[in-house]
Amino acid sequence: MTTDSRWDQSAMVERMSSDFGRRYPLAFWEFFESQVRPRTGDAPAIADLGCGAGLLLQELSSRLPDATLRGVDVSKAMLANARGLDYAGVAPSFTLHDLNHAPYPVEDASLDLCITANVTCFLDNPLVLFAEVHRMLRPGGVYLLFDWKRQTLPAYVENRGGFGDDPAALMGLQPYHNRFTVDEWHWLLAEGGFELVGEAHPRTSHVALAGVPG
Ligand SMILES: C[S@@+](CC[C@H](N)C(=O)[O-])C[C@H]1O[C@@H](n2cnc3c(N)ncnc32)[C@H](O)[C@@H]1O
């Protein structure tokens, strides 16, 4: 089962879009500019896996107008929204694909930056994803993982964000959001063959990690 079939997609598109500024605060962009962007160059090839409604790609297009962008997601509704946005640079290409299944529709050694944001916690086996990130990155490329970190249930409810008024969504999502501790994310990345080169905690509930193939 994927998130495409489990949750109301139009509500998710609306939430991902209207809540973008809170979900990607200034501290995230400080991390991006200081610890990720110095490794990408000015015209990188970037893939956002689990790109959702496209807001992150739109912001990346503003910051890096010469980038070549692509988005991958399992949700047709998310991709339809992402396709309809305006982009500062060349519009991204989009592909419908379930990240639980390798290989992904991206060429070997073709990316300078691969991003997964708020999606890895939903995947059956993150190591399948990490092996694919390895395959798709060029030498010198960087992987940015931005995701939830495990909190106590009261802390999770306190930091719940945009779905706080929907108890069913809250309790349905928390097993995914609360799946891995920061140490477990470190362990998974090491198991996946990544050396950690950057880390930040832009939100109480989230960790941002930059890794390079080790
Ligand atoms: C919480 S949203 C995050 C979207 C976007 N990355 C962001 O941070 O705004 C999770 C996204 O991952 C996608 N997703 C979940 N499971 C997936 C899978 N197995 N394969 C591809 N995409 C998946 C969902 O469709 C959704 O668009």
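**Exercise 1. Which strands does α5 lie across, and at what angle does α5 run to β2?**

The model is predicted; local features need pLDDT of at least 70, side-chain atom pairs count only at pLDDT 80 or more, and totals for chains, interfaces and linings use all residues. Residues are numbered from 1 along each chain as its sequence is written.

Step 1. Helices (H or I, at least four residues) and strands (E, at least two) are DSSP runs numbered from the N terminus.
Step 2. Contact requires C-beta atoms, placed from the backbone, within 7 Å. α5 lies across β1, β2 (68–73) and β4.
Step 3. Axes are lines fitted to C-alpha atoms, for helices over the stretch in contact, and angles run from 0 to 180 degrees between N-to-C directions. On this scale α5 runs at about 175° to β2.
Step 4. α10 also packs on the sheet, where it touches β6 and β7, and its direction makes about 15° with that of β7.

**Exercise 2. State the strand order of the sheet and identify its edges.**

Step 1. Two strands pair if DSSP finds at least two bridges between them.
Step 2. The 7 strands form an open sheet, ordered β3-β2-β1-β4-β5-β7-β6, with mixed pairing.
Step 3. β3 (93–96) and β6 each pair on one side only, as edge strands.
Step 4. β6 and β7 (residues 206–213) are antiparallel over 7 bridges. Arg203 has His206 of β7 as its bridge partner.

**Exercise 3. Find the buried residues of α7 and say how they are arranged.**

Step 1. A residue is buried if 20 or more other C-beta atoms lie within 10 Å of its own, exposed if 12 or fewer, and partly exposed in between, with C-beta atoms placed from the backbone.
Step 2. In α7 (residues 126–136), the buried residues are Pro126, Leu129, Phe130, Val133 and Met136.
Step 3. These residues are on the same side of α7 because they cover an arc of only 125° around the axis, taken from the directions from the helix axis to the C-beta atoms.
Step 4. Their cover includes β1 (45–49), β4 (111–117), β5 (137–148), α10 (182–191) and β6 (194–203).

**Exercise 4. Examine the backbone at Pro103, Ala109 and Asn118.**

Step 1. Most residues other than glycine have a negative phi, and most peptide bonds are trans.
Step 2. The Ala102 to Pro103 peptide bond is cis, with omega near 0°; Pro103 lies in the loop between β3 and β4.
Step 3. Ala109 has a positive phi of about 45° and is exposed, with 11 other C-beta atoms within 10 Å.
Step 4. Asn118, in the loop between β4 and α7, has a positive phi near 60°. Asn118 is partly exposed, with 18 C-beta neighbours inside 10 Å.

Technical notes
Two residues are in contact if their C-beta atoms, placed from the backbone, lie within 7 Å.
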